[in-house]
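Subject: Structure handover

Hello,

Here is the structure we discussed. My notes on it follow below.

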Amino acid sequence: MKLAFIGLGYVGLTTAVCMAYRGFDVVGVEVDDEKVEKISRGIAPVKEPKLEKLLKYALSRKKFTASTSYRDAVKADVFFITVGTPSKPDGGIDLSRVAEACKHIGETLATQEKVATVAVKSTVVPGTTRTLVKQKLEEASQKKVGMDLNLCVNPEFLREGAAVDDTFHPDRIVIGDDWGRGGKILTRLYKKFYGRKTPPTMITNTVNAEMIKYASNVFLAARISLINEVANICQRTPGADVEEVAKGIGMDRRIGPHFLRAGLGYGGSCFPKDVKALAAFAKSLGVEPCMLESVQKVNDNQPYKAIELAERLVGNLHGRKAAVLGLSFKPNTDDIREAVSLKIINKLLEHGCTVVAYDPAATENVRRLLGNKINYAESAEECIKNADFCIVATEWDEFRRLKPEVFKKHMKKPVVIDGRRVYDPAAIS
Ligand code: UGA
């Protein structure tokens, strides 16, 4: 079976390369020619553990090629749409890249006799596949979905920084199909890919599949905001420790232990965007998204808790030297989209602090954004040197290994605001 992935972001590239690694013939189509050039040389444009190794392997076995031209995907049996769906100013999603991809896939399919399958992996609001995607594909291909063209929805649940592992070991596969054949073809494809270890697979209609993706992300985002609100209450309750509380509630099977890490809130390209998008979608239907708005509100304020704590600990921040450890929105990625570190840095600058930052992977991305507004260190030790206080904004393992003595030795005073609960407070005090 020949596969095409349209859009080589972290989802498209990771899934494409994993499929190629397991023996499928895969073509990746991407509009950004610089990206294609890099990928073709075996360089992953995003930092993602294990990805580059698999990419090099797939290229060397000639199982994967990247191209800017849809013509190179003409022989594909299945086209996965993996383009981005960024936010519009009102929070709704911009579907222009999805529409563009459908047009090009349709034109490519117009030249082909065979019945191909198109699977939407991009996160799109419920109803998009039945309407916009179907219409664009049919217009451009002159084919009819359900007759000489298959269409389905196949949301992805990959985490950045763990995308390769998540591709090989997902909790579940969700496939939405309104017409009956695309879903069967994808099920067969995944059976080949996973063999005896095929994860539980749910087949439903396209609208439910689209909604499952949003609902999964807003549930997870809500857990984070909820535990953060509990943490804020604990902070003002003598004797209360949210970590102990999270451990205790996580033992209830109905709640479970995951995604209860309180801290500076969620960032990244998914949760902030998806909570906003589902809220905008709800409003368009006349539903007041009270919960979703609260989830966002808690998250918007959470990074500033670190600044409040800094003020409590060192007094007026003006003229102080602040060290920020961690810039990426989470460890094992260089992605800084919606990273809490950026909100914190901007607030520190407003307060008149001098900021020095260090990150094992994301420094260059922040330098491109903030230039010389802040200073960049080459190591954690250099970052905290002579600092009045330090905020840990990302839980990189490298920071976990820093011993309390290091802070005591290098900082003016060892004031560490551990925004990601990396350290044991008893050991550091
Ligand atoms: C998220 C989902 O976890 C994936 O299932 C989904 O496929 C993806 O969005 C997407 O829509 O494409 P991702 O944004 O890569 O994945 O990262 P997560 O590991 O979910 O973390 C998101 C944010 O929540 C991070 O800023 C992280 O630090 C924060 N977080 C996570 C917490 O603050 N507390 C937690 O307990 C867990």
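In which loop does Leu264 lie? Leu264 sits in the loop between helix H9 (242-250) and H10, where helices (H or I, at least four residues) are DSSP runs numbered from the N terminus.

Two remarks on conventions. This is a predicted model, in which local features need pLDDT of at least 70 and side-chain atom pairs count only at pLDDT 80 or more, while totals for chains, interfaces and linings use all residues. Residues are numbered from 1 along each chain as its sequence is written, and side-chain values use heavy atoms, with hydrogens and water left out.

Back to Leu264: it counts as buried because its relative accessibility is 5% (buried is under 20% relative accessible area, with a 1.4 Å probe and protein chains only). Leaving out residues up to four places away in sequence, Leu264 touches Gln302, Pro303, Ala306, Val340, Ile344, Val392, Ala393, Gly419 and Arg420 (contact means heavy atoms within 4.5 Å).

The ligand

The shell around the ligand has 21 residues (a residue is near a molecule if one of its heavy atoms lies within 4 Å of it). Glu160, Lys213, Asn217, Arg261 and Lys330 come nearest. By type, the shell divides into 10 nonpolar, three polar and eight charged residues; here Asp, Glu, Lys and Arg count as charged, Ala, Val, Leu, Ile, Met, Phe, Trp, Tyr, Cys and Pro as nonpolar, and the others as polar. Helix H8 (206-235) and helix H10 (271-284) each supply at least two shell residues, and H8 gives the largest share, three.

- with the side chain of Lys213, at 2.8 Å;
- with a backbone N or O atom of Phe157, at 3.0 Å;
- with a backbone N or O atom of Leu260, at 3.4 Å.

Taken alone, the ligand exposes 720 Å², of which the protein buries 95% (Shrake-Rupley method, 1.4 Å probe).

Regards

Methods
Polar contact = N/O pair within 3.5 Å; in protein donor to acceptor, adjacent residues only side chain to side chain. Buried < 20%, exposed > 50% of the residue type's maximum accessible area, 1.4 Å probe, protein only.
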